[in-house]
Amino acid sequence: MKLSLLTLSLFSLIGCQQVNAHSENDNKGIESKKTEEKTLSYNQYEKLFKNMVKDVKVPGYTLKSSTSDVEVLRLSKDFSFGKREYMTTKGTFNGEQPKSTQESLFYESSNKDRMIIVTIAYTKSFIGNDMASYSVWSDYGLKTSLIDKTDLMTITYKNLIITIIQTNEKKAEPNDTQNATRTIVKYLKDYKE
């Protein structure tokens, strides 16, 4: 009788573990599918950038220029852990129409002493919508005449990495960088693909 109960308990335990394993695998598939739906395709990324060029207005700044989708940046392969030599979807450039994974918008202040540069980098991996970093360099005993001229924020949107950097001839105005970031976040939250 005890042997029968022990055997029955073992089979029940094994059966429960298999059911749990199937449930976990099924959930992983659902999560993976949800993640894929959240990423932007390369074509959606291109369209978003072109729309941002037309629509995003940074308070106190004028859009002076932007990159085009045919510009390709070459880099040293060791910068990318050996993965790529070009900022393209394939990491190569073989003469075919390249698909650049980095585009930028250049905004200039009205008195022309400050710039805000917004760079949007495309990745294939879902990252999420969040603030990734805000570089604060004060109070570290650093040479202020060098660090006070820049202000940098990095946000993520789906599978994009967006950096907002302000350069200034004298001293960066953190409020300008923050306002630019707020403008971009609002635009992305309201964006309809």
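Visitor: What does buried mean here?
Guide: Buried denotes under 20% relative accessible area, exposed over 50%, and partly exposed in between, with a 1.4 Å probe and protein chains only. This is a predicted model, in which local features need pLDDT of at least 70, side-chain atom pairs count only at pLDDT 80 or more, and totals for chains, interfaces and linings use all residues. Residues are numbered from 1 along each chain as its sequence is written, and side-chain values use heavy atoms, with hydrogens and water left out.

Visitor: What share of the 193 residues is buried?
Guide: Buried residues account for 32% of the 193 residues in the protein chain.

Visitor: How many aromatic pairs are there?
Guide: There are four. Rings of Phe, Tyr and Trp (its six-membered ring) pair if their centres lie within 6.5 Å; planes under 30 degrees apart count as stacked, over 60 as edge-to-face and the rest as tilted. One of the pairs joins Y42 and Y45, which are tilted at 55 degrees between the planes and 5.5 Å centre to centre.

Visitor: Where do Y42 and Y45 lie?
Guide: Both belong to helix α2 (residues 42–55), three residues apart; helices (H or I, at least four residues) and strands (E, at least two) are DSSP runs, numbered from the N terminus. Y45 also forms a tilted pair with Y122, at 5.2 Å centre to centre and 40 degrees between the planes. That pair links distant parts of the chain, since Y122 is in strand β3 (residues 114–122), 77 residues from Y45.

Visitor: Why does Y122 count as buried?
Guide: Y122 counts as buried because its relative accessibility is 11%.
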